[in-house]
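Open the model in your viewer and keep the selection tool at hand. We will go stop by stop.

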Amino acid sequence: MGMSVTISAAAGQDAEQIFRLQYLCFQSEAALYGNYRIDPLVQTLDSVREEVAADCVFVARLGDEIVGSVHGRITEEGAAAIGKLCVHPRLQGHGIGARLLRAAESALAGERGARTFRLHAGHRSESNLRLYSKVGYQRVGTSQGADGVPMIVLEKQAQAYATTA
């Protein structure tokens, strides 16, 4: 009998597993850009703990193992910044990333009043860009990450959540 992947809010004791998962998952992104200084790879365990305590962080669990995570917070402009979406490589392509996004969007809109969701994806990250487009995000501009990676900025209005959930 197989286990189901469940989505829930992260708890403080999840920080170490999230930290390790991010490091594993973002290796492929780093390789894509030839840049191993991207934020999820240089983030400290203490800063992951701080995010889990202060922000909106969801995890996907398979039994006791965290196999996916996403981070969201409300910006000064009132938009929800969503990032660090990752799913264990062995479970990618099964809808877990979309489920994590929906959970974060629901909490950020319902509990924290977000009206707009915003995320950034590397310009070469085609599979990520396909996922974001599939769940209703639209390209609204470009930016440069602190690590120098060219990014595509995507947004979705919170009222669009109901149509993609």
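**Stop 1: the largest pocket**

Select α2 (27-33), α3 (39-42), β3 (65-74), β4 (80-87), β5 (116-122) and α6 (126-134): each supplies at least two residues to the lining of the largest pocket. Bear in mind that this model is predicted. The space in this pocket comes to about 820 Å³. Its lining counts 28 residues, and those closest to the centre are Asp 39, Gly 83, Lys 84, His 120 and Met 151. Now colour the lining by class: 13 residues are nonpolar, seven polar and eight charged.

**Stop 2: the second largest pocket**

Move on to the second largest pocket, with about 560 Å³ of space. Select Gln 92, Gly 93, Ser 127, Asn 128 and Leu 131, the closest to its centre among 21 lining residues. Which elements each supply at least two residues of this lining? They are α2, β4, α5 and α6. Highlight α6, which gives the most, with six residues. Colour by class again: the lining of the second largest pocket has ten nonpolar, eight polar and three charged residues.

**Stop 3: helix α5**

Select residues 96-110, helix α5. Draw a distance between its end C-alpha atoms: they lie 21 Å apart. Why does that agree with expectation? The helix has 15 residues, and at 1.5 Å a residue it should span 21 Å, so the two values agree. Next, pick out its buried residues: Ile 96, Gly 97, Ala 98, Leu 100, Leu 101, Ala 103, Ala 104, Glu 105, Ala 107 and Leu 108. Glu 105 is one of these buried α5 residues, so label it too.

Methods:
Residues numbered from 1 in each chain as written. Predicted model: local features only at pLDDT ≥ 70, side-chain atom pairs only at ≥ 80, totals over all residues. Heavy atoms only, no water. Helix = DSSP H or I, 4+ residues; strand = E, 2+ residues; numbered from the N terminus. Expected span 1.5 Å × (residues − 1). Buried < 20%, exposed > 50% of the residue type's maximum accessible area, 1.4 Å probe, protein only. 1 Å grid on protein atoms, 1.4 Å probe; cavity = no way out; pocket = protein on both sides within 12 Å on 5 of 7 lines; lining within 4 Å. Points joined across faces, edges and corners; volume = space filled by probe spheres on them. Nonpolar A, V, L, I, M, F, W, Y, C, P; charged D, E, K, R; others polar.
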